[in-house]
Amino acid sequence: MPKASRRRKKRVNLPKRRRVHLAVHRFDNMLYYKRLEPEAFAILSAIRAGNTVANACAAALEGSKPSRVNWSARVKNWFNDWSSLGWFCRI
């Protein structure tokens, strides 16, 4: 047997585990996912649970850690993205 095939393969270190927030959705019968910031995920989860947009935003941003973030601009961008993806519709 040649030396190359008898060598042990180097073990690859896996990345550290961390919490990831995802939204899974369909568009044109294709499945997609989008990574979300924790606050964005909290807003969408609260809206899905029946909360108003105002209450969902207030609750999600209440305990957020970043201090010098322009939350109004960030939330506006999130809603622009979500609307363009067609995530909001009438029930």
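Guide: Start with helix α3: its face turned away from the buried side carries the exposed residues Ala54, Ala59 and Glu62. Exposed means over 50% relative accessible area, buried under 20%, and partly exposed in between (1.4 Å probe, protein chains only). Helices (H or I, at least four residues) and strands (E, at least two) are DSSP runs, numbered from the N terminus.

Visitor: Which residues of α3 are buried?

Guide: In α3 (residues 53-62), these are Ala56, Cys57 and Ala60. They sit on the same side of α3, because they span an arc of only 95 degrees around the axis. The arc is taken from the directions from the helix axis to the C-beta atoms. Among the elements covering these buried residues are α2 and α4, where contact means heavy atoms within 4.5 Å.

Visitor: How many salt bridges does the structure hold?

Guide: A salt bridge is a side-chain nitrogen of Lys or Arg within 4 Å of a carboxyl oxygen of Asp or Glu. Here there is one, between the side chains of Arg74 and Glu37 (3.0 Å, N to O). Arg74 belongs to helix α4 (residues 71-84) and Glu37 to the loop between β2 (30-36) and α2, so the pair ties together parts 37 residues apart in sequence. Arg74 is partly exposed at 28% relative accessibility, and Glu37 is partly exposed at 31%.

Visitor: What is the mean pLDDT of the protein?

Guide: pLDDT is the predictor's confidence in each residue, from 0 to 100; its mean here is 88. This is a predicted model: local features need pLDDT of at least 70, side-chain atom pairs count only at 80 or more, and totals for chains, interfaces and linings use all residues. Residues are numbered from 1 along each chain as its sequence is written, and side-chain values use heavy atoms, leaving out hydrogens and water.
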